[in-house]
Every structure is written in structure tokens, then in C-alpha cells.
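Welcome, and thanks for taking a look at this one with us. Below you will find the structure, followed by a short briefing arranged by topic.

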Amino acid sequence: MKRRLAALAAVPALFLTVGCGAVEEAATSAANDAASKVATAAADEVNRQICAVVQDGLVSLEDKQVLAGLVSAARTAGVPEDITTPLGEIAEAGDQVPADSVKALQDACAA
């Protein structure tokens, strides 16, 4: 009789332990989903800013400075290389903005 009571007493503890594991798993999954959405939103926003600057194909020295300031953010946010590579080339260029890099950015933004 005492063994049955001990076994029955252990059942709620078992359910509680399993339930806590499920709650922990759900919380971890929700946190990962939220982090993924934030990262995607950050990448989308940086991408939008870059594409807005090169949309007309004319990149002034002021535009070049804006683009140069976005290089690090774009790489950190995980913006694709077809955007970060020409963006880096523009940032590293001297006073002359490389037209082929601007065209590459326009093409990547249109895709």
C-alpha cells in the first residue's frame, strides 16, 4: 500500500517535470523565433536604406558617406554579399564612386 502511495505521489511530480520541460522548450522556441524576426527586420531596414540611396543611380559624395556608414551595419545584420560587396567597394573608393559598384547595387536591389 505504501508503495502505491509513493508511486501515485510521484506521478504529479513527473507531470510537473515534463510540463516544465515543455514550457522551457516553448519559451526557447519563441525566443529564437523573436530573435530571428528582429534580425530579419534589421537586415531588411539596412537593405532598404542602401537601396534608397542608389535607386536613381546617382551617388554623390554625401550619398557615398551614407553608404560607407551602412557597411558595418549591413554586414552585422546579415545583408547578402551581392549588396555588401559593392557597398564595401563604394565605401573604400576615393572621390570617384565606382559606377560598376553602383550598378551592381541597383541590380541587387531590383532582384
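In which helix does D44 lie? D44 belongs to helix α1, which covers residues 2–54. Please keep in mind that this is a predicted model. The chain contains four helices and zero strands, and its order along the sequence reads α-α-α-α.

**The chain as a whole**

- Of the 111 residues in the chain, 24% are buried.
- Among contacts with a separation of 6 or more, 50% join residues 24 or more positions apart.

- Along the sequence D44 and A74 are 30 residues apart, while their C-alpha atoms are 9.4 Å apart in space.

**Where α2 meets α3**

- Helix α2 (residues 61–77) packs against helix α3 (residues 81–92) at an angle of about 135°, and their axes are 8 Å apart.
- That angle makes α2 oblique to α3.
- The two helices, α2 and α3, cross in a left-handed sense.
- On the α2 side, the contact is made by K64, L67, A68, L70, V71, A74 and R75.
- On the α3 side, T84, L87, G88, I90 and A91 take part.
- Sorted by class, the residues of the contact of α2 with α3 are eight nonpolar, two polar and two charged.

**L70 in α2**

- L70 is part of helix α2.
- Is L70 buried or exposed? With a relative accessible area of 10%, L70 is buried, because the cut-off for that class is under 20%.
- Setting aside residues up to four places away in sequence, L70 touches V46, Q49, I50 and L87.
- L70 and N47 are 23 residues apart along the chain, and 9.2 Å separates their C-alpha atoms.

**Helix α3 itself**

- Helix α3 has 12 residues and spans 16 Å from its first C-alpha to its last.
- This span of α3 is close to the 16 Å expected at 1.5 Å a residue.
- The buried residues of α3 include I83, T84, P86, L87, G88 and I90.

**L87 in α3**

- L87 sits in helix α3 and, at 0% relative accessibility, counts as buried.
- Which residues does L87 contact, leaving aside its neighbours within four places in sequence? L87 is in contact with I50, L67, L70, V71, A74 and L105.

**Where α3 meets α4**

- Helix α3 and helix α4 (residues 99–110) pack at an angle of about 155°, with 9 Å between their axes.
- Why are α3 and α4 called roughly antiparallel to each other? The angle of about 155° is over 145 degrees, so the pair falls in the roughly antiparallel class.
- The crossing of α3 past α4 is left-handed.
- From α3, the residues D82, I83, P86, L87, E89 and I90 meet S101, V102, A104, L105 and A108 of α4.
- This contact of α3 with α4 comprises eight nonpolar, one polar and two charged residues.

Terms used
Residues are numbered from 1 along each chain as its sequence is written. This is a predicted model: local features need pLDDT of at least 70, side-chain atom pairs count only at pLDDT 80 or more; totals for chains, interfaces and linings use all residues. Side-chain values use heavy atoms; hydrogens and water are left out. Axes are lines fitted to C-alpha atoms, for helices over the stretch in contact, and angles run from 0 to 180 degrees between N-to-C directions. Angles under 35 degrees count as roughly parallel, over 145 as roughly antiparallel, 65 to 115 as roughly perpendicular and the rest as oblique. A crossing is left-handed if the near helix is turned anticlockwise from the far one by less than a right angle, and right-handed if clockwise. Contact means heavy atoms within 4.5 Å. Ala, Val, Leu, Ile, Met, Phe, Trp, Tyr, Cys and Pro count as nonpolar, Asp, Glu, Lys and Arg as charged, and the others, Gly among them, as polar. The expected span of a helix is 1.5 Å times one less than its number of residues. Buried means under 20% relative accessible area, exposed over 50%, partly exposed in between (1.4 Å probe, protein chains only).
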